[in-house]
Amino acid sequence: MSTNADRHPPDAVDRFAAAQGDDRRAAVRLGSKAGHEKRTEILFRDYADPDELRRLAGAIKQHALDHLDVYLPRAEAQLRAHGAQVHFAADAVEARDHVLAILRARGALGVVKSKSMVTEEIELGPFLARHGIESIETDLGEFIVQIDDDHPSHIVKPIIHKNRREIANSLERHGLGPYDDTPEVITRRARAFLRNKYLSADAGITGANFVSAESGRLVLVTNEGNSRFCLAATGCHIALVGIEKIVPRDRDLGVLLNVLARSATGQQLSVYTEFLRGPRAPGQVDGPEEMHVIFLDNGRTGVLASEYREILRCIRCGACLNVCPVYRQASGHAYRGVYSGPVGAVLSPLLAGSDFATLSDLPKASSLCGACNEVCPVDIPIPDLLLRLRDRAQRAGTTSVSADATPTVPPGAMTAWAEVATRPWAWKGALATGGLMNHLPQALRPKPLRVWGQNHVQAPWRGGAFRKWLAQRRRA
Amino acid sequence: MSARGAVNQSPPPRRVSLMATCLCDAFFDDVAQATVEVLEHLGCEVAFPEDQTCCAQPAFNAGEWDSARRVARHTLGVFRGDDAVVVPSGSCARMVDHGALLLFENEPDRPEVEGLAQRTWELCDFIVRGLGVTRWPGRLKARVAFHRSCHSRGTRYAESALALLRSIDGVEVVPFGEGEQCCGFGGTFSVGFPHISRAMGTLKIDHVLAVKPDLLVSADSSCLMHIGGLADRLGREMQRQHVAVVLRDALKSSGTAA
């Protein structure tokens with residue numbers, strides 16, 4: 001989903017949440033809650049100190065990012081040495097052009113895709129369709145998203161917002177048989193449909209979960225085995241990889257794969273873990289004869305050079321979405337971008353580049369509860385980054401801009417508050433006179449208090465009472 | 001807040017400065033009073049710097065960091081010196097020992113900010129880890145649901161409060177569902193995102209009331225103001241109390257109040 005060119009009201013996420021239907025709200029809340037509980041159970045069952053593991057994983061990723069100038073060329077050299085072709089794309093346009101050029105050179109008419117957030121980020125599917133190339137999503141969730149012309153609402157579970165009745169309807173609409181919402185039937189029908197697509201496709205497109213600089217090994221994890229089919233049946237493998245996916249050594253994968261599967265899906269290891277570093281070698285029976293790795297920047301080096309660089313550690317596990325109380329109420333689509341939840345609230349405005357303002361409300365869509373940091377397998381200080389982004393949005397003057405965007409906390413309110421809170425005489429005066437609030441009708445109160453009053457019975461103002469008590473006590 | 005801030009390691013001094021918090025100054029005087037009585041019971045000499053106002057968190061969270069720095073600098077001046085600063089709020093404590101460090105990252109007076117961070121304590125943390133007191137006298141016959149405020153993440157605040165509560169004769173701490181979830185206050189979040197905040201708060205109330213406690217206790221007045229005010233608005237009866245008040249009332253019951 002592209003970032004909307006319109007500026008949004010500061011409470012756009014809240015409005016989206018309020019407008020959400022009960023089914024959808026329940027599906028997202030219960031789905032993410034279950035994901036969080038599975039994650040917690042398995043991490044604390046398997047490890048004496050999961051927090052130590054999170055910190056280690058975070059340190060590995062941070063080290064790789066801090067030395068990307070060393071590790072990225074190393075990965076490139078290894079991949080080339082094993083016969084892969086390596087391309088670099090500065091932005092989405094370049095990445096798409098690389099893909100199109102590769103496919104045209106092979107005369108490709110159809111591709112099969114395994115799940116990849118980067119391909120969502122560069123809107124590859126619609127681009128290929130415009131150029132007459134059929135692109136089929138083979139991850140079951142992404143497949144449903146595709147036939148519904150929808151967008152993924154979760155990094156790992158793209159259709160967390162749909163219940164199985166909706167999914168059964170989607171399959172029926174797409175001509176995959178009469179309505180049947182039995183999960184096994186849904187899966188079997190999609191599987192049969194996809195089998196034929198694999199066999200007729202000219203290329204397989206994947207992302208990558210990690211790339212080892214030491215060996216050039218590109219690591220792909222899936223639970224459905226669909227990425228293997230994408231590669232086994234086609235002659236050409238194109239992997240789109242964000243440059244932040246580099247890890248220094250193969251042995252680092254021992255830590256990262258263990259935290260990824262547990263954090264993402266509550267598994268010890270995903271069902272399929274593939275290590276790839278080149279096309280089919282002489283003597284190998286199958287596998288693509290061509291392998292292309294496209295390393296994508298698309299704003300990442302800018303983030304790397306900024307005070308938000310820790311967000312690039314993210315391994316896209318979705319644990320922060322699952323635990324986030326705001327995500328649970330609002331759902332992923334509320335975030336208007338490819339990446340949703342806490343990580344999306346940081347990453348989307350940053351990757352938007354000069355369109356920062358269009359998404360600068362997202363960092364405020366958080367109670368700063370810190371649960372995201374607590375579960376993050378690479379220990380990203382997400383709340384701190386959200387706070388910095390709020391400061392940045394404020395300095396850039398990008399908050400409260402659209403016509404219906406009467407902010408709940410009006411501009412200037414905090415400046416006025418600071419005037420009072422830095423002058424003890426004014427503060428004491430305010431404590432003494434604030435009692436008027438107890439008698440002011442709801443309609444005449446300032447907007448923040450009015451909104452507060454809609455949800456809460458206001459506690460009575462007792463400004464200065466403590467100071468009075470203390471003074472009397474000291475005199476006694 | 002991030003999981004790891006400055007961990008207070010300073011030795012337990014007996015002269016303390018009370019940071020009463022703006023919420024106690026405006027609404028919850030009994031919590032500040034109880035804090036004084038609890039600290040005095042423990043043998044502390046409690047100073048109350050009259051010029052104090054607020055820890056600066058409202059503007060900090062709102063992204064208005066210029067205003068936040070002005071107020072934080074004022075607070076820095078008010079609490080100048082070497083005294084331990086004790087605050088009956090995990091949220092304000094974390095603003096001083098973590099948020100302010102972020103706020104002053106590139107400021108010349110960051111060392112002073114670090115100094116204040118090092119000697120600022122959340123009340124229960126001060127009692128348990130600062131003074132080494134882990135058992136609380138008195139009696140309170142009550143099933144207590146304890147709300148772990150989010151600012152206790154990555155700290156020992158909640159464990160300290162729970163240790164004290166559990167040590168009170170008659171108190172039974174009862175766990176409730178999704179205890180690690182935020183109540184939905186979040187300062188200006190609660191008015192900027194009122195629907196989500198209300199939904200989060202309602203869920204918290206559902207979970208708490210499901211275990212039928214006599215009392216909801218928290219170490220943060222702000223969470224209690226939100227949860228309680230919302231429960232009142234929804235017409236759902238919910239007794240709630242700040243932990244400082246529970247500790248003080250336990251002292252009274254045992255006849256050992258200062």
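Which strands of chain A does helix α5 lie across? Helix α5 (residues 92-105) of chain A lies across β1, β2, β4 (203-206), β7 (236-242) and β10 (290-296) of chain A, and α5 runs at about 170° to β10(A). Here helices (H or I, at least four residues) and strands (E, at least two) are DSSP runs, numbered from the N terminus, while axes are lines fitted to C-alpha atoms, for helices over the stretch in contact, and angles run from 0 to 180 degrees between N-to-C directions. Residues are in contact if their C-beta atoms, placed from the backbone, lie within 7 Å.

This is a predicted model, in which local features need pLDDT of at least 70 and side-chain atom pairs count only at pLDDT 80 or more, whereas totals for chains, interfaces and linings use all residues. Residues are numbered from 1 along each chain as its sequence is written, and chains are lettered from A and ligands numbered from 1 in the order in which they are written.

In chain A, six strands form an open sheet with parallel pairing, in the order β1-β10-β7-β4-β2-β3; two strands pair if DSSP finds at least two bridges between them. At the edges are β1 (85-89) and β3 (134-137) of chain A, each of which pairs on one side only, and the twist from one strand to the next averages 20°. Strand β2 (residues 110-113) of chain A is joined to β3(A) by four bridges, the two running parallel, and G110(A) has E134(A) in β3(A) as its bridge partner.

Chain A is divided into domain 1 (67-298) and domain 2 (413-475), with bounds that come from an automatic or database domain assignment, and the C-alpha centres of these domains lie 57 Å apart.

Turning to the contact between the chains, 56 residues of chain B are in contact with 55 residues of chain A. On the side of chain B that touches chain A, the largest share, seven residues, comes from α10(B).

Within chain B, helix α10 (residues 194-210) and helix α11 (residues 221-233) pack at an angle of about 85°, with their axes 10 Å apart. That angle makes α10(B) roughly perpendicular to α11(B), a term for angles of 65 to 115 degrees. To this contact α10(B) gives R198(B), G201(B), T202(B), K204(B) and I205(B), and α11(B) gives H226(B), I227(B), L230(B) and A231(B).

Technical notes. Parallel < 35°, antiparallel > 145°, perpendicular 65-115°, else oblique. Contact = placed C-beta atoms within 7 Å.
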